[in-house]
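Open the model in your viewer and follow the stops below. Each stop says what to select and what is found there.

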Amino acid sequence: MRPFFLLFAAAIACAVARPSFAADDELAGRFFPYTQFETLPATRIDVGGGILTVAFARGPLELSHQAILDWVTRSVRAVSQYFGRLPDPHARLLIVPVEGTGVRGGTTFGYRGAATRILIGRESTARTLERDWVLVHELVHHGMPNLADEHHWMEEGLATYVEPIARAQAGELSAQTVWGDLVEGLPKGLPREDDRGLDRTPTWGRTYWGGALFYLLADIDIRRRTDNKCGLQDALRELVAAGGNISESWPVARVIEVADRGTRTHALAELYDRMKETRVPVDLPALWRELGVAVTDGRVTFNDTAPSAAIRRAITAPR
């Protein structure tokens, strides 16, 4: 299982990590440097019916650009395979070298097209990038339109939930890791006594893990309603196929209506109505028993005779 304090660290990393050279400060600033990006040497990655254009800011890196591009290619392929396409067919990715090792932070923007900036420590190795989850997390954001501030949990919760599943479907992560991480992380998203629903409780835990819990419950409910023939993935594929990506600003009602169309259910609409302004407790231990997931001394085991074991397997199975 992965250390989840890193999820919080990544959320603030862009505010504290600085580029290796002061000349590139603007490239790591508050906004995405769309104009400057067009002046940088770039590589085009054709994937999922679209193009991800990757550019590097100035600064030394121990890894070659090609090694980093190989990692980027694996990551964007995992995301495009999950969504059935590259959510925005003309996406941008800016790599900015910073001090340290590993991915030091990431931010995604959409006001002039899908664009992600990733801060990479100049001492990073291939091994540190193999373990990274931040790039896939950020690229998943491309698959959701910009929403009003009270629905920010839908954006961050989606990236938190889908990232490990997309990597598992691509063969980059084990199912044991996916479920072990959910067992460890989802309690952070449970409502407290003073909770006022997901739209009205913008805490870190409810934004990231409460949002992820919403999508897990939706995924399970869709699969139960459709005899495990459809899941959340089908809803999200319908959403991006209809042009719902981060370069667009949609009302939440439109997002849910289009996504539900992909499964021919009203699962997302009904769950949202329940959880948006009301505290909804969830019995996670009972849910894990239903799915056949157990964690003992850090070791994840599966019970394939559990009532919803087939749903658990389908969620991480390659499409």
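Start by selecting R264, which sits in the loop between α10 and α11 (267-275); helices (H or I, at least four residues) and strands (E, at least two) are DSSP runs, numbered from the N terminus. Its phi is near 55°, a positive value in a residue other than glycine. R264 is exposed, with a relative accessible area of 83%; here buried means under 20% relative accessible area, exposed over 50%, and partly exposed in between (1.4 Å probe, protein chains only).

Before moving on, note that this is a predicted model: local features need pLDDT of at least 70, side-chain atom pairs count only at pLDDT 80 or more, and totals for chains, interfaces and linings use all residues. Residues are numbered from 1 along each chain as its sequence is written, and side-chain values use heavy atoms, with hydrogens and water left out.

**Around the loop**

Select α10 (252-261). Its buried residues are V252, V255, I256, V258, A259 and D260, and they pack against α6 (152-169), α9 and α11. In helix α11, pick E270, which counts as partly exposed at 40% relative accessibility.

**A cavity**

M144 also belongs to the lining of the second largest cavity, together with M154, F214, Y215, L232, L236, L239, V255, I256, A259 and L268. On a 1 Å grid over the protein atoms alone, a cavity is a set of points where a 1.4 Å probe fits but cannot get out, and lining residues have an atom within 4 Å of a point. The volume of this cavity is about 70 Å³, where volume is the space filled by probe spheres set on the points, and grid points are joined across faces, edges and corners. The structure holds two cavities of 30 Å³ or more. Helices α8, α9 (232-241) and α10 each supply at least two residues of the lining of the second largest cavity.

**The largest core**

Now select Y161 and W288. Of the 83 residues in the largest nonpolar core, these two touch the most other members. A nonpolar core is a set of buried Ala, Val, Leu, Ile, Met, Phe, Trp, Tyr and Cys residues joined through side-chain atoms within 4.5 Å. Helix α8 (residues 204-225) gives the most to this core, with ten residues. Leaving aside neighbours within four places in sequence, Y161 is in contact (heavy atoms within 4.5 Å) with L182, A212, Y215, L216, D219, L232 and I315. Apart from this core lies another, of 13 residues, among them Y34, A55, V96 and F109.

**The end of α8**

R223 lies in helix α8 and is buried, with a relative accessible area of 6%. Not counting residues up to four places away in sequence, R223 touches N228, C230, G231, I311, A314 and I315. In the loop between α8 and α9, select D227. D227 has a positive phi of about 55° although it is not a glycine, and at 59% relative accessibility D227 counts as exposed.

**The five-stranded sheet**

Next, show the open sheet of five strands in the order β1-β2-β3-β5-β4, with mixed pairing; two strands pair if DSSP finds at least two bridges between them. Its edge strands are β1 (42-47) and β4 (103-109), each pairing on one side only.

- β2 (residues 50-56) and β3 (residues 90-98) are parallel over six bridges, and L52 has A91 in β3 as its bridge partner.
- β3 and β5 are parallel over seven bridges, and P97 has I120 in β5 as its bridge partner.
- β4 and β5 run antiparallel, joined by six bridges, with F109 opposite A115 in β5.

In the hairpin of β4 and β5, which has five residues between the strands, G113 takes a positive phi near 105°.

Seven of the seven residues of β5 are buried, so this strand is largely enclosed by the rest of the structure. A115, R117, L119 and G121 are on one side of β5, and T116, I118 and I120 on the other.

Finish at β6 (residues 293-296) and β7 (residues 299-302), which run antiparallel and are joined by four bridges. A294 stands opposite T301 in β7. Two residues lie between the strands of this hairpin, and D297 in the turn has a positive phi of about 55°.

Technical notes:
1 Å grid on protein atoms, 1.4 Å probe; cavity = no way out; pocket = protein on both sides within 12 Å on 5 of 7 lines; lining within 4 Å.
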